Number of protein chains: 2
Amino acid sequence: MTTAGRPRLSTKKRPGETAREEILDAAAELFTTRGFTNTSTRMIAEAVGMRQASLYHHFANKDELLDALLSGTVDHPLAVAQSIRGSDARPEVKMYALALFDAGQLGRSTWNLGALYLLPELRNERFETFRAHRHALMDLYASIAAEVLDGTVGAVPGTEDLPFRLVETVVNGRADAESGRPSPAGDYARVVAEAAVRALGWTGSVAELHAEAVTFSEGILAW
Amino acid sequence: MTTAGRPRLSTKKRPGETAREEILDAAAELFTTRGFTNTSTRMIAEAVGMRQASLYHHFANKDELLDALLSGTVDHPLAVAQSIRGSDARPEVKMYALALFDAGQLGRSTWNLGALYLLPELRNERFETFRAHRHALMDLYASIAAEVLDGTVGAVPGTEDLPFRLVETVVNGRADAESGRPSPAGDYARVVAEAAVRALGWTGSVAELHAEAVTFSEGILAW
């Protein structure tokens, strides 16, 4: 474990290989359970078992922590979307594979950080990098969706944004589950990926598409 | 205009027929632009041009204000969903009509209050009434979706939650538009209503379904 700044006050309290990762994990827990504004850097430092001054060796302030956490939810899917976009698979295979991957990672992450996407605080220019990356991801989704629409008999015009929006509903489902709503039965990532292609007007066999997308993904992704 | 409590400090500053409505409008603006935790009841009173003590004649605290605002986003759709559910229209007409109505009202409301649905603060028991109404609305969506699945050749099992989730994406689209993302072209409520039935596996003519749902809605709703 690396220890920048002063020595840690106590033994390791949080998951994470480095002090930086432990801080991020503690911040993610507090932001998603107490709220961003209700959390102070002192609380985060206490949750890690570290002095507040040591925390500042890693992150200058709370906004920087939130930016790192939110960027973390977007940057991997963005890289994956770029690989998928550049491949020569059929458009519906690309769309399904991207939605399945992204919905899966949003569903599996330890903390439901996507619940913070709509915070009005994020309109601040300090989060411009995160916003730019998120918009780049939305554009990649829309451009793959446009390829599907081009190649589909019965395509529904104006639906380019739906696959991205459907994937984001994983966040709402998790937030509702955390406030007492039963989670949907079955594999929601798969339901979302299937709906993403159907919403565009694609009407082929999803069982075949799923198998094809999984093989395709194994070829180009490190799942 | 009714004036409970002390006289107002200044002339009317906000939209709304009553002091209560003006307070709600000011709170909605501040909660959705500054954030819930960053807003005090004093700021809300100032935005209305009213003493803080007068505001407390209408709402005991900030949580009560948020609960009233959020309940307002759910209670009308809930009444509409109950009427629709009890009607004898075909299931896909009911589903499309509900999604079109609800996506429309979420898109047209002055402030994008749905952006507050995911606040961790809402897990507090003080918001239990709002949560119960929201869950009742989700259940009505799911039960109408189940009717569609029952009557559809090629129905996709496990998709009962998607129509509600699709409608909620109106909130995300508005939030992204407020942070600099161009809004989707066209009528997003209609795109969502169409996707809601398609995601369930229904594959008929949506132009006909739209016309039928609009006529049906005029019959039972005050749009």
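In chain A, residues 24 or more positions apart make up 71% of the contacts (heavy atoms within 4.5 Å) that have a separation of 6 or more. The structure is a predicted model, in which local features need pLDDT of at least 70, side-chain atom pairs count only at pLDDT 80 or more, and totals for chains, interfaces and linings use all residues. Residues are numbered from 1 along each chain as its sequence is written, chains are lettered from A and ligands numbered from 1 in the order in which they are written, and side-chain values use heavy atoms, with hydrogens and water left out.

**Chain A: overall build**

- Chain A contains nine helices and zero strands, where helices (H or I, at least four residues) and strands (E, at least two) are DSSP runs numbered from the N terminus.
- The C-alpha trace of chain A extends over about 60 × 35 × 30 Å along its principal axes.
- Chain A has 223 residues, and 56% of them count as buried; buried means under 20% relative accessible area, exposed over 50%, and partly exposed in between, with a 1.4 Å probe and protein chains only.

**Annotated regions of chain A**

- An unreviewed UniProt entry assigns "domain: HTH tetR-type" to residues 17–77 of chain A; UniProt positions are given in the numbering used here, feature names are shortened, and annotations may be inferred rather than shown by experiment.
- Residues 17–77 of chain A are 75% helix and 0% strand, with end C-alpha atoms 22 Å apart.
- The feature "DNA-binding region" is placed by UniProt (unreviewed entry) at residues 40–59 of chain A.
- Residues 40–59 of chain A are 75% helix and 0% strand, and their end C-alpha atoms lie 13 Å apart.

**Interface of chain A and chain B**

- Chain A brings 43 residues to the contact, and chain B brings 43 residues.
- About 3,900 Å² is buried between chain A and chain B, with carbon and sulfur atoms giving 57% of this area; buried area is the accessible area (1.4 Å probe) that two parts lose on being put together, summed over both.
- Of the area that chain A buries against chain B, 19% comes from Leu118(A), Arg123(A) and Arg181(A), more than from any other three residues.
- Eight salt bridges are found across the interface of chain A and chain B, each being a side-chain nitrogen of Lys or Arg within 4 Å of a carboxyl oxygen of Asp or Glu.
- One salt bridge joins Arg134(A) to Asp176(B), with the closest N and O atoms 2.6 Å apart.
- The helices α1 (19–33), α6 (128–150), α7 (162–178) and α8 (188–199) of chain A each provide at least two residues of the side of chain A that touches chain B.
- The most is given by α7(A), with 11 residues on the side of chain A that touches chain B.
- That side of chain A comprises 16 nonpolar, 13 polar and 14 charged residues; Ala, Val, Leu, Ile, Met, Phe, Trp, Tyr, Cys and Pro count as nonpolar, Asp, Glu, Lys and Arg as charged, and the others, Gly among them, as polar.

**Two residues of chain B**

- Ser179(B) lies in the loop between α7 (162–178) and α8 (188–199) of chain B.
- With a relative accessible area of 17%, Ser179(B) is buried.
- Not counting residues up to four places away in sequence, Ser179(B) touches Arg123(A), Arg131(A) and His135(A).
- Ala207(B) is part of helix α9 (residues 206–220) of chain B.
- Ala207(B) counts as exposed, because its relative accessibility is 53%.
- Ala207(B) and Glu194(B) are 13 residues apart along the chain, and their C-alpha atoms are separated by 9.3 Å.
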